[in-house]
Amino acid sequence: QDGKVTARFEPIPGFAVRGAISTGFKAPSLGQSFFSATSTNFINGQPFENRTFPVSSDVAQALGAQPLTAEKSENYSFGIALDPVKNLSVTADYYQILIDDRIVFSGNFNQPAVVTFLTNAGFPNIAGARYFTNAIDTRTLGLDIVANYGLALGTSSTLRLTGGFNYNVNRVLRVAPTPPALSAFQQTLFDRVERARIEVGQPKDNLYLSGVFNYQDLGITLRTQRFGEVTSFGTDPTGLL
C-alpha cells in the first residue's frame, strides 16, 4: 500500500514553504525480466559469447538468479518558493529518495572457473554471463533550484528566461548476499564496476539556461546545458583502471 502527503504554507505573500512524503513501488519491466543480448568474441579463432541472460534462463538459474521482485521507494522533499520581485519566481527543493531491492545488472561473470562451470553444466562457448537482479538498496540526496523571469518588450514581444541547477549524490546502502553458486567461485553478485555506474557513473550536477523570445507569431529559443563529470571503472581488480 502506497500513499503521498503534501503540504504548502505561505506565511507572507511571495514566500512559501512546501514539503512532501510519499511511498511507491515499481514492478519489474518486461525488458528487465526477459531481456537478452549477445556479443561474440573470437579468441584464437574460437567463438565465445558474452551474454546477458533473462533471469528465468537455465544459465542465469545456474549462476544463482532469483525471480525479480518490485522495487520499493520512499521519497522526502522540502523546499521554498519565492516571488521576490515582479515577474521573477525562484524555487529550491531538497529531496531524498530511498529505493529498496533496486533492479540492476549483476557483475559480468567471466572468470575461467565460471566459464568451466558453465561448460560442464552444458553451456559451452560462453565467455561471460550476467543478468538483472534485485541486488541493492540505494539513497539519492539532491538539491534542485529553478528561476524564471519574464518581461514584456514593447507591446508585441516577450522574453522569458529560465535557469536551473540540480545536484544529487547516489549511494549504495546495501548489497544482497552473493548466491552460493557464485560464492563457490569467489564471485560478487554486484561488483565494483556496476557499483560505479550507480555512484559515480552519472553526472552529480546539471546546469541549464534557456531564453525564449516571442514577437507576434515568431518564436526563438536558445538553450544551453552543462552536465558534470562521470567516472567509469575498468575490470582491473587493483582498482587502477
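This is a predicted model: local features need pLDDT of at least 70, side-chain atom pairs count only at pLDDT 80 or more; totals for chains, interfaces and linings use all residues.
Partly exposed, for today, means a relative accessible area between 20% and 50%.

Let's start with the whole chain. The secondary structure comes to five helices and eleven strands. The fold is more spread out than a compact globule, because the radius of gyration is 25 Å, well over the 18 Å that the globule rule gives for 241 residues. The box tells you about the dimensions. Along the principal axes, the C-alpha atoms fill roughly 80 × 45 × 35 Å.

Now burial and surface. Of the 241 residues, 32% are buried. The chain exposes about 14500 Å². Carbon and sulfur atoms supply 58% of that area.

Next, contacts. Residues 24 or more positions apart account for 66% of them.

On to the backbone. Most residues other than glycine have a negative phi. Two residues here go the other way. Asp101 is one of them: it is not a glycine, yet its phi is positive, about 55°. Asp101 is found in strand E6, residues 88–105.

The other is Asn125. Its phi is also positive, about 60°, and again this is not a glycine. Where does Asn125 lie? In the loop between helix H3, 112–120, and strand E7, 126–130. And here is the asparagine I promised. Is Asn125 buried, partly exposed or exposed? Its relative accessible area is 33%. Buried would need under 20%, and exposed would need over 50%. So Asn125 is partly exposed.

Last topic: empty space inside. Rolling a probe the size of a water molecule over the atoms shows where empty space is left. How many cavities of 30 Å³ or more does the count give? One. About 40 Å³ of space lies in the largest cavity.

Which residues line the largest cavity? Asn168, Val169 and Asn170, then Ile198, Glu199 and Val200, then Gln202, Pro203 and Lys204. Strand E9, 157–175, and helix H5, 192–199, each supply at least two residues of that lining. E9 gives the largest share, three residues.

Glu199 and Lys204 are both on the lining list, and Glu and Lys count as charged.

Note on methods
Residues are numbered from 1 along each chain as its sequence is written. Side-chain values use heavy atoms; hydrogens and water are left out. On a 1 Å grid over the protein atoms alone, a cavity is a set of points where a 1.4 Å probe fits but cannot get out, and a pocket is an open set with protein on both sides within 12 Å along at least five of seven lines; lining residues have an atom within 4 Å of a point. Grid points are joined across faces, edges and corners, and a volume is the space filled by probe spheres set on the points. Helices (H or I, at least four residues) and strands (E, at least two) are DSSP runs, numbered from the N terminus. Buried means under 20% relative accessible area, exposed over 50%, partly exposed in between (1.4 Å probe, protein chains only). The radius of gyration is taken over C-alpha atoms; the globule rule is 2.2 Å times the number of residues to the power 0.38. Contact means heavy atoms within 4.5 Å. Accessible areas come from the Shrake-Rupley method with a 1.4 Å probe; for residues, only the protein chains shown count as cover.
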